[in-house]
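Dear colleague,

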Amino acid sequence: MQRYFVAKEQMNDHMVLIHGEDVKHITRVMRMTEGDQIICSNNFDRVCLCEIDRFEDDQVVALIVEDLPSKSELPVNITIAQALPKGDKLDYVIQKGTELGAAQFIPVQGERSIVKWDGKKEGKRIERLSKIAKEAAEQSHRSRIPAIESLHTLEKLIERKNEFDHLLFAYEEEGKTGNHKQLADVFAKAESGESLLFVIGPEGGFSEAEAVKLGEAGFTPTSLGPRILRAETAPMYILSAVSYYFELER
Ligand code: SAM
């Protein structure tokens, strides 16, 4: 069944107003008619089964049939702060990371990031990445669309550290000591509802200075196992481990 996200103010106790691109999708792509059922989420705290009531000029009016339980969000809030990778790898990270339950993504200008975003480019890119996140959230039946934040320097990201309960950075050097337990140790401490911030380096990894800065700011250097993962694989490993630990193993 088709799923649509609406702004909170477009959903009240009885009905949902659908605007914009989704109206075209409902009318032209899906060719729906009155009485057809869809699922709507207010991207916050409600997912509802709805029935299309009528088509107006630039909106579709659907009546709420019933609220649906939403079990598609991870029990912990995961933020992926990804140092800009090359090419369209960030598209991949956002699409797959959304399917795997990430709550938000923060692009980071890593010292060794080859890619640089200039002001004009950034707005367009964030818009495109947000569209990828919305489509992946619809496809994976998420009740929330992950937020795509603006580009951060590492310093700016570190300034925000108090917004999170647990701070980690994926650091392959850490695993060289043979100790790969950091992730399991943090998972054992983390409670449902808490937030974890994971920082991942670019293809060239973190510089020594970046690793020291993160460590001194209280970020735990974390091994993702004995193999070197591509920058775009690392967040997939993390999110899969979170889902296994917090959703499947309990
Ligand atoms: N040092 C790597 C190399 O030799 O190719 C370069 C960085 S790796 C391709 C990209 C990023 O993925 C790293 O900065 C790190 O954040 C993460 N990563 C990859 N493998 C990892 C591992 N085994 N443990 C922790 N982080 C890892």
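**The ligand and its surroundings**

In this predicted model, the side chain of E172 places an N or O atom 2.5 Å from a nitrogen atom of the ligand. The backbone takes part as well: a polar backbone atom of G225 is 2.9 Å from a ligand nitrogen, and a backbone N or O atom of R227 lies 2.7 Å from a nitrogen atom of the ligand. Taken alone, the ligand exposes 570 Å², of which the protein buries 83%. There are 18 residues around the ligand, and those that come nearest are A170, E172, L224, R227 and L229.

**Helix α7**

Which residues of helix α7 are buried? In this helix, which spans residues 208–216, they are E210, A211 and L214. Seen down the axis of α7, these buried residues fall within an arc of 100 degrees, so they line one face of the helix. As a general point, an α-helix has 3.6 residues a turn, so residues three or four places apart point the same way. The buried residues of α7 pack against α4 (154–159), β10 (166–170) and β11 (195–200), whereas the face turned away from the buried side carries E208 and E216, which are exposed. Just after α7, G218 takes a positive phi of about 95 degrees.

**An annotated stretch**

UniProt, in an unreviewed entry, lists residues 20–53 as the domain "Ribosomal RNA small subunit methyltransferase E PUA-like". Over residues 20–53 the chain is 26% helix and 35% strand, with the end C-alpha atoms 17 Å apart.

Definitions and conventions
Residues numbered from 1 in each chain as written. Predicted model: local features only at pLDDT ≥ 70, side-chain atom pairs only at ≥ 80, totals over all residues. Heavy atoms only, no water. UniProt positions renumbered as here; feature names shortened; annotations may be inferred. Helix = DSSP H or I, 4+ residues; strand = E, 2+ residues; numbered from the N terminus. Buried < 20%, exposed > 50% of the residue type's maximum accessible area, 1.4 Å probe, protein only. Arc of directions from axis to C-beta. Contact = heavy atoms within 4.5 Å. Near = heavy atom within 4 Å. Polar contact = N/O pair within 3.5 Å; in protein donor to acceptor, adjacent residues only side chain to side chain. Areas by Shrake-Rupley, 256 points an atom, 1.4 Å probe, with all protein chains shown as cover.
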